[in-house]
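Have the viewer open as you read.

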Amino acid sequence: MSDYLWFEGIPFPTEEYKKETIEESRDKFVIRDEDTAIVTYPKSGSHWLIEIVCLIQTKGDPTWIQSVPIWDRVPWIETQNGYKILISKEGPRLFSSHLPFHLFPKSFFSSKAKVIYLIRNPRDVLVSGYFFWSKMKFVKNPESLRTYFEWFLKGNVAYGSWFEHTRAWLSMRERDNFLLLSYEDMKKDEKSTIKKICDFLGKKLEPDELDMVLKYSSFQAMKENKMSNLSLIPENLASNDLVLLRKGTTGDWKNHFTVAQAEAFDKVFQEKMAGFPPGLFPWE
Ligand code: A3P
């Protein structure tokens, strides 16, 4: 049981994060036009997307994803380890981030670097987050889903409010260097999503290479890949029954929310996400 590291109103996990690193990555990290970032609110399917992008880079060859831990392949810029790797890496960089818009490296906004932003039904994000963060030793652990539900609506969870994160990042959605994806579309038709990512990144896959990307990024393959399933997280950071690949479905929130919670959530969603065009959120 831990609390959070607070930085400019956003709660961060206490291990692997330092105010100085978050501040430096925002103010001093120099983005290169050839860089690509995968940005998500936690529990939106980040690791799945990272695995897909890695496999696109290797044209479906699984050697890289099966030999290098996911956090070293596509480092998290806001973590101490990730930041260290990224500042000393030459050439085009591929990195991940859960940072809210206002804490992301400022130099990105005047660059041609690419961002892939993945969204997921926040109700499923909430349920997934409840199970995940309960097993982590470096965040505040909720004692029940009911408690976590309240924290989530207020934004008192790791990386702050889903609503603010999503609203702010979606302001970029008309830009050429920004690709918006959803977990729901990936589940419905992963092949089309992979093709969209390839087009965005200027990559081309042969049909058999595309099949390999699909094969090695499947739920089962990732669950068995210890370089990607977070089983290598040290014991002092997470309990050994932590599961990243828990269910991998859409709509699991229906198994966990009470009717009253579902109604309360709808109300907050309507209020906070007002103004976006109909159809933007594939789960609504
Ligand atoms: P559930 O907890 O609902 O199962 P993140 O990587 O952002 O932490 O997101 C984790 C969620 O993505 C988990 O959701 C996990 O099961 C799901 N996920 C990870 N890999 C997946 C895959 N290959 N296919 C489908 N879902 C996947």
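## The pocket

The ligand takes up the space of the largest pocket. A pocket here is an open set of points on a 1 Å grid over the protein atoms alone, with protein on both sides within 12 Å along at least five of seven lines; a molecule sits in it if more than half of its atoms lie within 2 Å of its grid points.

Two elements give two or more residues to the shell around the ligand: helix 2 (46-57) and helix 12 (219-224). Helix 2 gives the most, with 3 residues. Helices are DSSP runs (H or I, at least four residues), numbered from the N terminus.

This is a predicted model: local features need pLDDT of at least 70 and side-chain atom pairs pLDDT 80 or more, while totals for chains, interfaces and linings use all residues. Residues are numbered from 1 along each chain as its sequence is written, and side-chain values use heavy atoms, leaving out hydrogens and water.

## Who touches the ligand

In all, 18 residues surround the ligand, the closest being S46, H47, S128, K247 and G248 (near means a heavy atom within 4 Å). They split into 6 nonpolar, 8 polar (Gly counts here) and 4 charged (Asp, Glu, Lys and Arg).

For polar contacts (N or O pairs within 3.5 Å), a polar backbone atom of K247 is 2.6 Å from a ligand oxygen, and a polar side-chain atom of R246 lies 2.9 Å from one.

## A salt bridge

The side chains of R123 and D266 form a salt bridge at 2.9 Å, N to O (Lys or Arg side-chain nitrogen within 4 Å of an Asp or Glu carboxyl oxygen). R123 is in helix 6 and D266 in helix 13, 143 residues apart.

Methods
Polar contact = N/O pair within 3.5 Å; in protein donor to acceptor, adjacent residues only side chain to side chain. 1 Å grid on protein atoms, 1.4 Å probe; cavity = no way out; pocket = protein on both sides within 12 Å on 5 of 7 lines; lining within 4 Å.
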